Structures are given as structure tokens and as C-alpha cells.
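Colleague: Could you walk me through a model, one feature at a time? I would like to hear the general idea and then the case at hand.

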Amino acid sequence: MIAERPPYLADRPRRLRATSAIRDAVAETDVLPRHLVAPFFVTTASPGPIPGMPGVERYSPEGILRQLDGALQAGVRAALLFGVVPDDVKDLTGTAAADEQGPVARALRLARREFGDDLVLITDVCLCGYTDHGHCGVPAGGERFAIDNDATLPLLARMATAHAEAGADLVAPSDMMDGRVGHLRQRLDAGGHQNVGILSYAIKYASAFYGPFREAAGSSPGHGDRSSYQMDPRNSREALREALLDVEQGADALMVKPALAYLDVMAAVRAATHLPLVAYNVSGEYAMVKHAAAAGALDEPRAVREALLCMRRAGADLIISYHAVEAAARGWLA
Ligand code: PBG
């Protein structure tokens, strides 16, 4: 006699979770070394560890080569470079950002010579690490900390051109000025750099999760905050507007930043465009995991793997993460 089966047990999703082999067979998402981009701080000031970001250091342009080699060995073939310069070269308009002897340009030339086309070299394009006031653009006359959008564009273009000339594959503007993707595209093309791509930080929120980065890059605004140019965390329709504008202006790939608290935005942008999408697992997200793991509050490899997988599930093709090399080298991915 067969016991009657209650109707609510007709469908049993647990069948597909019974063994690790079954779970792997039906997994919808994965994260592999090829999905990761490793960020690096390159400096002509002082190299060394960054206290707020355990495991992350600033390296000289020569010192970065070993790190890039380590990334390649782990299967991570893309790097994002940030420049850190001494305070005494910073000025009102971030002149040093376009210096061909600056840390990023030097690292690019060395890395290109050392690794050829094995590495995808991406550079952050923004003035905040090079201005004495720490804002991402130049101040408008009068009110010093109103940022002048249109006056900033040519300075970003000079910086992007310097990176293109030094060997960047992609430049990644993170300043959040209006029209910068179109402007950069036009200026890069005019300089003969038609083949250098633009990875736009299209959707970049004014976020507290950038805290450790600003310590690392020495780029905190001296006065005020970045809310007059970075996006308001309360908004998501605005993210689609930003995404579509950058598509129109010629972006090759779009970024959503930060990642973890903004995965709804990632999914919405995924549905709205066909470009490759990049999640930025930012410094504060990294620091939270590292500090919690150091306190014994969570299992780091599992937490990192879960966070990265969830970014992929939300629609990210690529993930920029300070965990990248360690996670790939130690087999934390899936
Ligand atoms: C520069 C820039 C920032 C980050 C990337 N590019 C800082 C900021 O906008 O304040 C943040 C990266 C991170 O937190 O890991 N504008």
C-alpha cells in the first residue's frame, strides 16, 4: 500500500542538491580566474603596506612587475593600475596626472615590455590622486569646491592619452564628469588611439565603502564630499540613464561600483545593455571581509567565493577585486 503523497511534496528541489556532483551539474554561475581583474597601487612616493587593507601594498613601477607576474601565474590576466604620487607634486588642476614619468605611465611601459600582450592593462583615469584638494575635477572659479565639469574634461583626456601612449589597453574614467566618455573617445581617436578602449565607471555611487582606498591613494577630498558628481545611493533609474549615455558616447564596457550593496543595480544594467559589465568589489568590501576573517568571525575563502559568485549571478562579466590574485592562487574560486 503506497502512502498518499501530500500535494505540497510533489516537487522536491532538494533532489538537485543531494550531492556535490549534482550541485555542480546544475550550477548556473561560476567565477574563474579569467573573470577577475586585479587592482594595484603604483607609487613614486613611498611603497609599503596599506593598514586599512590587509594584504594590499603600494609598489614602485619596478616593484609592480613581480605582482603582475604573480597575477599571471594565478591565471588573472587583467590588472587595473592606480597612481599614487607625493603630495608636493599635487596642484589645483592635477597636472601630474598626465606626466609621462608618472607612476602609472612608467609601470605601463615596463609591464608592456615584460609581459607583451599576455596582460590586459587597464588604468584608472581621474584627477583625485593628483589634485591638492583631492577632488576628481577642477574647482570652478569663485566657489572653490564646486567642480567645473567641462573644464575637467580636457585634463582627463590628457591623462588618458598619456596612458594610451604608455601602452594601456583600456582607460577607465572614474571621475563621474558628464560627457567624459564621448570626450575621451574623441580625443583618443584624434591622437591615433582608436584601438584603446574605454571601460567607463558609468555607475559610480558616492559611497562610504571607498574609505580604505582613499587612504591607500591619498585621495580624500580636503573639503566637502563627492556627492555633487558621484551618484546618490538612493537611485537606480538614474543608473540606467548613466549606462545608456555612456553606451551612446562610445564606451566599450561599463562598470557598477560598489558591488555588494548594489547588485540590484547590476542586474538592472545587465538587462538594459549589451556591453560587457564589470563589478568593482571596492576597498571597503574587501576590508570588511579581511577584518572579519582576522577576528575569526567568518570563513574567508568561502565568504570571498560567495561574494564573487553573487556578483557574477547579478550579471557581472568581470570583477575588479583586491581578493583576485589570492583567491585565484589559493583555489578559492568555483
Ligand atoms: C578615483 C577612484 C576611487 C575608487 C576608484 N577610483 C575613489 C573615489 O572615488 O573616492 C575607489 C576604489 C575602491 O574603494 O576600491 N576616483
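Colleague: Where does Met176 lie?

Modeller: Elements here are DSSP runs numbered from the N terminus, with helices being H or I of at least four residues and strands E of at least two. Met176 lies in the loop between β8 (170-173) and α5. This is a predicted model, where local features need pLDDT of at least 70 and side-chain atom pairs count only at pLDDT 80 or more, while totals for chains, interfaces and linings use all residues. Residues are numbered from 1 along each chain as its sequence is written, and side-chain values use heavy atoms, with hydrogens and water left out.

Colleague: Is Met176 buried or exposed?

Modeller: Buried means under 20% relative accessible area, exposed over 50%, and partly exposed in between (1.4 Å probe, protein chains only). Met176 has 4% relative accessibility, so it counts as buried. Its phi is near 70°, a positive value in a residue other than glycine.

Colleague: Which helix holds Arg180, and what does its side chain reach?

Modeller: For a polar contact, look for a pair of N or O atoms within 3.5 Å; within protein, one must be able to donate a hydrogen and the other to accept it, and residues adjacent in sequence count only if both atoms are side-chain atoms. Arg180 is in helix α5 (residues 180-190), and its side chain reaches the backbone oxygen of Tyr201 at 3.0 Å. Arg180 counts as buried because its relative accessibility is 3%.

Colleague: Which residues are closest to the ligand?

Modeller: A residue is near a molecule if one of its heavy atoms lies within 4 Å of it. Here 19 residues surround the ligand, and the closest are Lys204, Arg214, Lys257, Ser283 and Tyr322. Both β9 (197-204) and α6 (211-217) supply at least two residues of this shell.
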